[in-house]
Amino acid sequence: MEPGNSTRVSEFLLQGFSEDPELQPLIFGLFLSMYLVTVLGNLLIILATISDSHLHTPMYFFLSNLSFVDICFTSTTIPKMLVNIQTQRKTITYTSCITQMCFFFIFVELDNFLLAVMAYDRFLAICHPLHYMVIMNPWICGLLVLVCWILSALHALLQSLMMLQLSFCRNLEIPHFFCERNQVVQLACSDTFFNDMVMYFASVLLGGGPLAGILYSYCKIVSSIRAISSAQGRYKAFSTCASHLSIVSLFYGTGLGVYISSSATRNSHSSATASVMYTVVTPMLNPFIYSLRNKDVKRALRRLFGGQL
């Protein structure tokens, strides 16, 4: 197919979830509510971590960074969708689309890397408790987060540069509520083989690497917990990583579910609906998982609100 003048694309059309006008207020209200809950919930985790000196530990330092990333992650996609519904316009400029994809890659990879770093933190705390504070000193914690940011930014920059090389056809309708990379690539007239190879390689390396690290860490953690003689000791050791394990299961489980649903069906709107799970629902539930299952966070929140919780 000849791209013709399609290399100078000015804007795309985001189709969203439904074209039914009667459903737009419902979709707007639902996503606005979830977005506000996500921002407020994660912001409370950050404020509680900063305000309570008992939470000035590596685990909560990484948790506050994860909460900040989740706010940014959700803010990359949802506000634009809400504006489009409110203004009844579905357009997004070419520059905004590439920018949205870039930030989406940054924050989804940061989630991925930070979950792996948090698993490593739990591995050291449970398997090497005597050396934990020596290894996980503030300088190392800051360095680990910095490396996560650098790797995520480099990956996002690579993916964005690859997208800029594509030429697009006349059909510029994206059957999604944001500029999802795979959906945008399908609109290209030029050869996408190299883009796909880079994406698959990055997914295996940057997605599979942290996941392998998480699985290895938890294999060692389980082995160490089983070696503890008392049941109370085993429960106490496991309770320190239960919240993290729940978030890991939610993040990778929903991500895998989106991948399977995208592969099993050609209905792009079904894929968009499934994407809500890891782009909106997971960041929204993370604060609840940590606050409901963690006594330290609940105590910090009570202090933050003057004992009213």
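Reader: What pattern does the protein chain follow, read along the sequence?
Author: In this predicted model, the protein chain runs β-α-α-β-α-α-α-β-α-α-α-α-α along the sequence, which comes to ten helices and three strands.

Reader: Switching to the core, which residues touch the most other members?
Author: In the largest nonpolar core, which has 74 residues, these are F17, F31, L115, F177, I214, I221 and V276. Helix α3 gives the largest share of this core, 19 residues, while a second, separate core of 18 residues includes L14, I92, M163 and L166.

Reader: OK, why call α3 largely enclosed?
Author: Because 29 of its 34 residues are buried, α3 is largely enclosed by the rest of the structure. Its length also agrees with expectation, since 34 residues at 1.5 Å a residue should span 50 Å and the end C-alpha atoms of α3 are 49 Å apart.

Reader: How do the axes of α3 and α5 cross?
Author: The axes of α3 (residues 94-127) and α5 (residues 138-164) come within 8 Å and cross at roughly 145°, and the crossing is right-handed. The residues of that contact divide into 20 nonpolar, four polar and one charged.

Conventions:
Residues are numbered from 1 along each chain as its sequence is written. This is a predicted model: local features need pLDDT of at least 70, side-chain atom pairs count only at pLDDT 80 or more; totals for chains, interfaces and linings use all residues. Side-chain values use heavy atoms; hydrogens and water are left out. Axes are lines fitted to C-alpha atoms, for helices over the stretch in contact, and angles run from 0 to 180 degrees between N-to-C directions. Helices (H or I, at least four residues) and strands (E, at least two) are DSSP runs, numbered from the N terminus. A crossing is left-handed if the near helix is turned anticlockwise from the far one by less than a right angle, and right-handed if clockwise. Ala, Val, Leu, Ile, Met, Phe, Trp, Tyr, Cys and Pro count as nonpolar, Asp, Glu, Lys and Arg as charged, and the others, Gly among them, as polar. The expected span of a helix is 1.5 Å times one less than its number of residues. Buried means under 20% relative accessible area, exposed over 50%, partly exposed in between (1.4 Å probe, protein chains only). A nonpolar core is a set of buried Ala, Val, Leu, Ile, Met, Phe, Trp, Tyr and Cys residues joined through side-chain atoms within 4.5 Å.
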